[in-house]
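User: I want to learn how to read strand pairing, cores and chain contacts in a model. Can we work through one?

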Amino acid sequence: MKHRSISGLFLGLACFFFSCVDEITIQLKEANEVLVVDAWVGNEPEETYIRVYKTRPFVSSSPQGKESQVKLERIYVERKDGKVFPFYLHKDSLYLSELPIPLMEGETYRLKFSTLEGDTFESAWETVPPKLESAEITSKAIEKTTLVYSGPNVIVQTRTFADVQLQVNDPGKVVMGYFVETSGISEQFTSSLQDNCECACYLPDPNIYPGMNIRSNQSFLGKTIEYSIGEIPLSSLGRYYVNASVKSLTEFGYEYLNQVDLQQRNTGSIFDPAPFRVRGNITGESENSPEVLGGFFLFQKTSFEKLLYRTQIRTESNNLNHHFEPLVQVVATCRDVFPDALPEIPKVFNP
Amino acid sequence: MRYILTFLVGLMITFSTLAQTNPTVQRLKDLMSQFESQTGKRILILDKDISQLSIPQEVNNLESLPMILTEGSLYSYFDFQGKYLVIYPASLREEYLAKKGGVELVEENEIHQVKGIIRDNELRTTLAGAIFSIPQLELATSTDSKGNFEISIPEGTYMGYFSSMGKETERRIIKVYGNLSLEITLFESIRDLDLVTVSDRSIDANVMSTMPGASRMPMEDMKLMPPLLGEVDVVKSMLLLPGVSTVGEGASGFNVRGGGVDQNLILMDGVPIFNPSHMFGFFSIFNQDAVKDAELFKGNIPAKFGGRISSVLAINTLGGDPETWNFNGGVGFLSSRLGVHGPLSPKTQVMATVRAAYPNWILGRIPNPQLINSKTNFQDANLRLDHRINGNNNLVLSLYSSSDYFRFGADTAYSWQSNLASLKWNSYFGRNIGSETVLAYSGYRYSVIGEAFPNQFQMKSSIDYLSIQQLLVWEGEKWEGFQAGYQINHFTMGMGDLVPKTSEDLIDPVKIPDEQGVELALFAQAPIQLSDKLQGHFGIRYSHFAALGPREVYVYAPNQSRSTERITDTLSYQKGQVIEDYGGFEPRFALRYAFSDAFSLKASVNRNLQYLHLLTNNFASAPVDLWKLSDHYIGPQKAWQYDLGVYRNFNYNTIETSLEFYYKDMSSIVEYRDGARLFLNPNLETDLVMGRGYAYGTELLLKKNKGMLNGWISYTFSRTFRKVETSSDIQINKGEYFPANWDQPHDLTLVSSFQPVKRVSFNATFNYRTGRPITLPSGIYDIGGNLVIDYQERNQARIPDYHRLDLGMTYHFYQKKNSRYKSYVTLSVYNVYARRNAFSWFFQPGSDSGIPKSYRLAVIGTAIPSITYNFSIR
C-alpha cells in the first residue's frame with residue numbers, strides 16, 4: 001500500500017514536471033480541399049510516379065478517406081535542354097511516365113502540368129543529386145532502459161539492443177539530403193515437443209527506425225560517417241536481415257521532408273514550433289492560381305543489406321548485461337504465436 | 001486527495017484551537033474594526049495600555065468608541081489627519097500643558113525640525129506610511145514612500161511613539177533642543193491584536209495617485225497567496241492582477257495588455273532581466289527572501305523607463321539590517337533557500353541569499369525510462385551591499401547569479417544562466433536635488449546541448465548588456481518631483497554558435513556573427529498640479545538606437561520578399577560603424593481628476609519604442625529563444641497606448657474598485673514566416689517580417705483590503721490582433737488580422753485571504769481564462785508515403801478554456817516574547833481539482849497505423865501539494 005502511494009506521488013510529480021498527454025477527438029468545422037502534388041522522379045522506374053489529388057479532411061483517429069482526384073489536361077517532366085517526358089493517368093490519381101527517364105547526375109528537371117480548368121503549374125528547377133555508391137551496414141550492442149509490463153506492474157529494466165548503423169562514404173559533390181528507410185526480417189525461434197515442428201518463423205519489420213530518418217550531408221560533405229538507421233532487440237536468438245534504402249535528395253527535397261519530420265515529431269511543447277503549412281516547390285503561373293502543396297522530388301536510390309547474427313553481436317559485447325526471452329512453446333508451428341510470419345523462409349536466411 | 005483535504009481540515013481545527021484569542025481583546029478588536037468601517041479612522045494604541053481601558057460589552061453609538069474607551073481611565077486621545085485616533089496616557093498631555101503654561105509666560109518656545117527614518121527590522125527596509133506621534137503635543141505625521149518623516153516640534157522633551165502595521169510600537173524619549181535626526185527600527189509584533197494597522201502606502205493611493213495602470217505589491221502581500229511548490233513568486237503574483245496573463249504553465253514570462261513576453265521590461269535593482277523563469281516558469285528567479293517589493297507599470301510608464309512597449313516590472317531587493325545579524329530560509333519538498341543579512345559596520349550592511357532546487361531525486365524514482373534519464377535543477381544567489389558614505393551619499397551594490405539545467409530523456413538538454421550586477425550611487429546635491437546613478441550589467445547565456453553521440457554539440461547564444469543611467473530628482477517646493485536624466489545602453493548579442501563536443505562528432509561548427517548596438521535615451525518628467533483635484537505629469541523621452549558593425553549585411557532584390565535566392569550584394573561594415581539607426585520621441589502624459597478623496601478619473605497617453613526583439617515561433621516562449629537587435633531590415637517595435645480609468649473607493653477606502661479601458665496601437669511589430677528557422681540562420685531576416693497590431697481591453701478590479709477576509713476579484717476583457725502585409729509568398733492569414741498567441745478575451749481572477757487569528761491564515765486563488773488561439777489542421781495528404789498535415793490560417797481556433805483553483809495555509813509557530821527564533825509553515829495545493837488544462841493541442845500520425853491523431857498536452861495535469869518550513873533567527 002505504502003509502495004503504491006509513493007509510486008502514485010512520483011507519477012503525479014512526473015505529470016507535473018513532464019506534462020500529461022492525452023489522445024483527444026476533435027471535430028473540425030472546416031476542411032480545405034487543396035491541390036497536392038506528390039511527384040517522385042528517380043533512378044528506380046518503379047518508384048517514379050506523380051500523384052495529383054486534393055487534401056482529405058483531418059478526422060482524429062480515423063483512417064484516411066479516399067483522395068479526390070484532379071483532372072489534368074497535361075502533365076510532364078521537362079529537362080533543362082527542352083526534352084519532355086510526358087506522364088499518363090495510370091489509375092485514380094496516379095500518373096506514370098510514358099518513357100523511361102534516363103536521369104543523369106547534375107541534370108536539371110522540372111514538373112509542369114495544367115488542369116482542365118486552365119490553371120497551369122510548374123515546379124522550381126531541381127538538379128539530380130549524386131547517387132550514394134558506397135555504404136555499409138554495421139551494428140553494435142547497446143544497453144537501454146526500457147519499461148517491462150508484468151501484469152499491473154511496470155518494471156524498469158535495462159535491455160540490450162543492436163544499434164544498426166549505416167557507414168556512408170559521402171561523394172562530396174554537392175550539398176544534398178539522405179533519406180534512409182530501414183526494413184528488416186527477424187528470425188524468431190519457438191520450441192515444441194513434436195519432432196516435425198515448424199519452429200522458426202520470419203517476421204517482417206517494415207520500419208525499424210522510429211520516425212523519418214532524414215539527414216543533410218552539409219556537416220560531413222566528402223567524409224565517411226556512421227549513423228543510426230534502426231535498432232533491433234538482442235533478447236532473442238535468431239538472425240536479423242536488414243535492408244536500408246538510401247535516397248539522395250536535392251536540397252529542396254531534404255528541406256521539405258525535414259519539415260514533415262519536424263511536424264510528425266511535434267509534441268506541442270514550448271520547444272516545438274507552432275503548426276504551419278509545409279510549402280513545396282510548385283507554384284501557379286498566374287497570380288490567381290490556387291495554392292499547391294507537396295512538391296517535385298528528384299532522387300537517386302541505392303539499397304544496402306546485411307544479415308546480422310545476434311549471437312555474434314552478443315559475443316562481441318560480453319561486458320553488457322544481456323537478457324534472453326524464453327522460447328515460446330508451440331504445438332506444431334510457430335505461426336500459432338506469429339500469425340504475421342512470412343509464408344516462406346526468405347532466401348537470405350537459407351544457407 | 002481525500003487524505004490531503006482531511007489533513008488540511010485537521011490542521012485548521014488544531015491551529016484554530018491553539019490560537020484562541022483572549023475574548024476581551026477580541027471584543028476590542030471587533031469594536032475597533034467596526035469603528036473603522038463606520039468612520040474611516042483607525043485607532044492606534046499601545047498593547048500594554050489595553051488593560052487600562054474600559055472595554056464595553058457593546059456600543060450603541062460606535063462613533064463614541066474612543067470616548068467610551070478612555071472614559072474614567074487615565075487615557076486620552078487625539079485625531080490625526082482625520083484618519084487616525086491615537087489613544088495615549090492623559091498624564092503626558094497634562095504634564096506638557098502644565099509646563100507649557102509656565103513657559104509661555106516667559107517666552108515662546110523655539111521650533112525645531114525633527115526628521116528621521118523608520119526602518120523595518122523584519123524586511124530590512126524602510127517603512128512607508130509608518131506613524132510618528134507625540135501625544136503630549138497631539139501631534140503626528142506619517143513617513144513617505146522612502147520611510148522618511150519630517151515635522152516641526154517646539155523645544156522640549158517628549159515621549160515619541162513610532163508605529164506601523166504589524167510592528168511593535170516603539171517609544172522613545174525625544175529631547176528637542178535643536179534640529180534633530182532620528183533613526184528608528186521597528187520589530188515585528190506577534191500579538192493577537194494588531195493594533196496599529198497602517199498601510200505602507202497612502203490609504204487612498206489607488207484613487208489619488210496620478211499613475212493609471214500602476215500596481216505595487218509588497219512581499220508581505222505576495223506571501224498571502226498560495227505558493228506553488230512552497231515558493232512565494234513575484235511573477236505568479238503579478239499574473240493575478242488584471243491585464244496580466246500567461247499562455248499557460250511552463251511558458252516563460254508573461255503578457256501584459258496584449259503585448260508579447262519580450263515587450264515587458266523586467267528590472268531587478270535597475271538591471272534588465274531577459275528571462276525571469278526557473279524551470280520554465282514553475283519558479284521565478286526572484287528569491288522571496290531577497291525581494292522587498294515589485295511595481296508593475298502597465299498603463300502609463302514613467303519617462304525614466306524605456307526600451308519595451310508593453311510594461312515595466314521593477315523589482316526592488318532588500319537592504320541588510322543595520323543593527324543585528326539575521327538568518328532566514330525555508331526548506332521545501334523540491335527547493336530550499338537560505339539568507340543572511342546584517343551590519344558589516346555601522347555604515348555598511350549586507351544581504352545574501354542562496355536557493356537551490358533538487359528534483360532529480362524524484363525523477364530517478366519514477367518508473368519511466370525517459371524520466372530516469374532526465375535531469376533538472378537550478379540555483380541562484382543574491383548579494384547586496386549597502387554603504388552609507390555620509391549623510392548625503394550612499395552606495396548600493398547588487399549582484400545576482402542563477403543557473404538552470406533541464407534534460408528530458410538522454411538526448412537534448414537546455415541550460416541558461418543569468419548574471420546581473422548593479423552599482424547604485426544615491427546622493428543629494430544641496431538640499432533640493434537628489435541623484436541616482438546606476439551602472440548596470442546583465443548577462444544571459446543560453447544553450448541547447450546535444451548529448452547523443454555522434455551528435456554531441458552545444459548551440460550557444462548570449463546577451464551582454466552594459467548600461468549607465470542617471471536620474472536627477474528635484475525636491476524643492478516648486479516643481480517637487482521633477483525628474484530628468486539619461487541612459488546609455490550597449491548590447492552585444494551572441495546570435496548562435498554551434499560547437500561539436502568532440503572531434504568525432506558529426507557536427508560542423510557554425511558561427512553566426514554577433515550583433516552589437518547602442519541605445520541612448522534622454523528623458524524628463526514634470527508633475528502637473530493645476531489644482532488639488534487636477535494633477536498629473538508630463539514626461540518626454542527621446543531614444544536613439546544604432547546597430548553597429550562589424551557585420552556583413554546582405555542586400556536583396558527590391559520589391560520582393562527576402563530570400564537567399566534574391567541576394568544581390570553584400571555590404572561590409574567595420575567595427576563600430578553604424579549599420580542603421582532609428583530614433584524617436586516617446587511622450588508620456590497622465591492626468592488625474594479627483595472628484596473626492598474616494599473617487600477619481602485618470603487618463604494617460606504614452607508612446608514606447610523597442611529595439612530588442614525575442615524571436616519565437618514555438619507554442620510559447622522558451623528560455624532558449626533567440627533575442628535580436630533591430631538592424632537594417634528589422635526596425636523598432638512601436639506602440640501608442642491610450643488609457644482611461646475610473647477609481648472609486650468605498651467604506652473609508654477599505655473597498656477599492658477600478659475600471660480601466662485601454663487601446664494599444666502597435667504600428668510596428670516583428671513576426672515570423674511560416675516554417676521559419678530562427679536558430680543558426682545566417683539570413684535571419686529572410687524568415688522575419690514586420691507587421692502591425694492592436695490591442696484593446698477593459699479591466700475591472702474589486703478589492704477588499706481590510707478585515708479577516710480580504711482579497712480581490714479582477715476581470716479583464718481584452719483582445720489583441722496582428723497583421724502582416726507583405727508580398728504574397730509570405731503572407732500570414734492572407735494578409736488579414738489574426739489573433740496573437742496570447743489573445744485570451746476573458747480573464748477572471750479571485751484572490752482571497754482569510755486570517756481568523758493572528759498565527760493562521762488561509763488563502764485561495766481561482767483563475768479562469770479563455771483558451772488561447774491555436775492553429776488547427778484543415779486536411780491531410782501524404783508525400784512519398786509520409787503523412788503530412790495541412791493547417792488552417794494562423795491562430796483561427798482556440799484550445800479549451802483554462803481554470804484552476806489553488807489553496808494554501810500559513811501557520812506561524814508560537815514564539816516566546818524574547819525568542820530570537822521564529823518559524824512558520826506553508827501548506828498549499830496547486831490545481832486543487834486536478835484539471836488537465838490544455839497547454840496545446842498537437843497532431844501526429846499514429847505510431848502504429850499512420851492514422852492521424854489529436855493529442856492534448858497538459859503541462860500540469862494533477863493537483864500539486866507542497867509544504868515548506870520557513871524560519872528566521874535574529
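**Reading the pairing, the cores and the contact**

Analyst: Start with one pair of residues: I266(B) stands opposite L313(B), which lies in β20(B). Keep in mind that this is a predicted model.

User: In which sense do strand β15 and strand β20 of chain B pair?

Analyst: Strands of a sheet pair through backbone hydrogen bonds, either parallel or antiparallel. Here, β15 (264-268) and β20 (311-317) of chain B pair in the parallel sense, over five bridges.

User: What is the strand order of the open sheet of five strands in chain B?

Analyst: The order is β12-β19-β20-β15-β16, and the pairing is mixed. At the edges are β12 (214-218) and β16 (271-272) of chain B, each pairing on one side only.

User: What order and pairing does the open sheet of four strands in chain B have?

Analyst: The order is β7-β6-β9-β10, with antiparallel pairing. Its edge strands are β7 (139-142) and β10 (170-176) of chain B. The twist averages 25° from one strand to the next. For a closer look, take β6 (131-134) and β7 of chain B, which pair over four bridges. I131(B) has S142(B) in β7(B) as its bridge partner.

User: Now the cores. Which residues have the most contacts inside the largest nonpolar core?

Analyst: In soluble globular proteins, nonpolar side chains tend to be buried together. The largest nonpolar core here has 192 residues. Those with the most contacts inside it are V37(A), A39(A) and L257(A), along with V234(B), M238(B), V291(B) and I315(B). β19(A) gives the largest share of this core, eight residues.

User: Which residues is I315(B) in contact with, leaving aside its neighbours within four places in sequence?

Analyst: They are V234(B), L267(B), M268(B), F286(B), V291(B) and A294(B). Apart from this core lies another, of 28 residues, with F35(B), I87(B), A140(B) and F149(B) among them.

User: How many residues does each chain give to the contact?

Analyst: Chain A gives 65 residues and chain B gives 59. On the side of chain A that touches chain B, the elements that give two or more residues include α1 (2-18), β2 (35-42) and α2 (251-264) of chain A. The largest share, nine residues, comes from α1(A). By class, that side has 36 nonpolar, 21 polar and eight charged residues.

User: Which strand of chain B pairs with β1(A)?

Analyst: β1(A) pairs with β53 (852-858) of chain B, in the antiparallel sense over five bridges. There, E23(A) stands opposite Y855(B) in β53(B).

Note on methods
Residues are numbered from 1 along each chain as its sequence is written. Chains are lettered from A and ligands numbered from 1 in the order in which they are written. This is a predicted model: local features need pLDDT of at least 70, side-chain atom pairs count only at pLDDT 80 or more; totals for chains, interfaces and linings use all residues. Two residues are in contact if their C-beta atoms, placed from the backbone, lie within 7 Å. Ala, Val, Leu, Ile, Met, Phe, Trp, Tyr, Cys and Pro count as nonpolar, Asp, Glu, Lys and Arg as charged, and the others, Gly among them, as polar. Two strands pair if DSSP finds at least two bridges between them. A nonpolar core is a set of buried Ala, Val, Leu, Ile, Met, Phe, Trp, Tyr and Cys residues joined through C-beta atoms within 7 Å. A residue is buried if 20 or more other C-beta atoms lie within 10 Å of its own, exposed if 12 or fewer, and partly exposed in between; C-beta atoms are placed from the backbone. Axes are lines fitted to C-alpha atoms, for helices over the stretch in contact, and angles run from 0 to 180 degrees between N-to-C directions.
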